[in-house]
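Colleague: I am new to reading models. Can you take me through one, feature by feature?

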Amino acid sequence: MQKIQEGKYEVFTTREDAIEKFMQLEGVCREEISGENQIAFYCYESGNVYITDPPARSADNTNSTNLYGKVITQDGKTYVTYYTGFRKSNQVFKIISLIFMILLAIGAIVLSVIQKNITVSVVALALCLIVVVNNLRDSAREGQNSPRDSEILVKELERRVEAVNKWDK
């Protein structure tokens with residue numbers, strides 16, 4: 001994983017209280033990252049914080065840029081430490097998915113040639129080319145948009161920290 005950005009925010013409450021409040025703030029965020037991909041905020045009892053894909057996303061439509069954090073106590077103060085990272089493994093999974101789609105398209109073309117149906121072969125080839133070009137373009141954009149996506153994730157965490165800091169006001 002390639003780290004993009006890291007830092008920490010102070011939370012003006014105890015670690016346990018911060019975790020409890022963050023857990024109440026869990027859910028899908030209003031903001032989206034590149035490609036109109038939704039993001040969701042998660043906090044676990046262990047204090048681990050994530051901003052990543054919402055549940056039930058397809059494997060080929062997962063976000064490669066995510067935020068990972070932890071609620072900690074340091075020098076008597078509570079902080080959320082975080083870093084954003086770009087998962088290159090997602091690109092590998094997307095390429096494997098793409099290869100699988102290409103193999104299916106080749107199988108459809110071979111089957112249509114065997115059955116002497118040229119129209120189906122041409123349509124299958126055209127659809128295959130469209131899917132391949134589209135997926136390659138999206139993968140390239142995702143890497144280029146990673147710094148901007150990282151900023152969106154950090155701003156979302158900052159909003160959650162501000163909400164916890166203003167909880168009783």
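Modeller: Start with contact: heavy atoms within 4.5 Å. In this protein, residues 24 or more positions apart account for 61% of the contacts with a separation of 6 or more. The model is predicted, so local features need pLDDT of at least 70, side-chain atom pairs count only at pLDDT 80 or more, and totals for chains, interfaces and linings use all residues. Residues are numbered from 1 along each chain as its sequence is written, and side-chain values use heavy atoms, leaving out hydrogens and water.

Colleague: How many helices and strands does the protein have?

Modeller: Both are DSSP runs, numbered from the N terminus: helices are H or I, at least four residues, and strands are E, at least two. Here there are 4 helices and 6 strands. Their order from the N terminus is β-α-β-β-β-β-β-α-α-α.

Colleague: Is Thr84 buried or exposed?

Modeller: Buried means under 20% relative accessible area, exposed over 50%, partly exposed in between (1.4 Å probe, protein chains only). Thr84 is buried, at 0%. Thr84 sits in strand β6, residues 77–86. Of the 169 residues of the protein, 37% count as buried.

Colleague: Which side chain does Thr84 join in a polar contact?

Modeller: A polar contact is a pair of N or O atoms within 3.5 Å; within protein, one must be able to donate a hydrogen and the other to accept it, and residues adjacent in sequence count only if both atoms are side-chain atoms. The side chain of Thr84 pairs with that of Ser150 at 2.5 Å. Ser150 is among the buried residues of α4.
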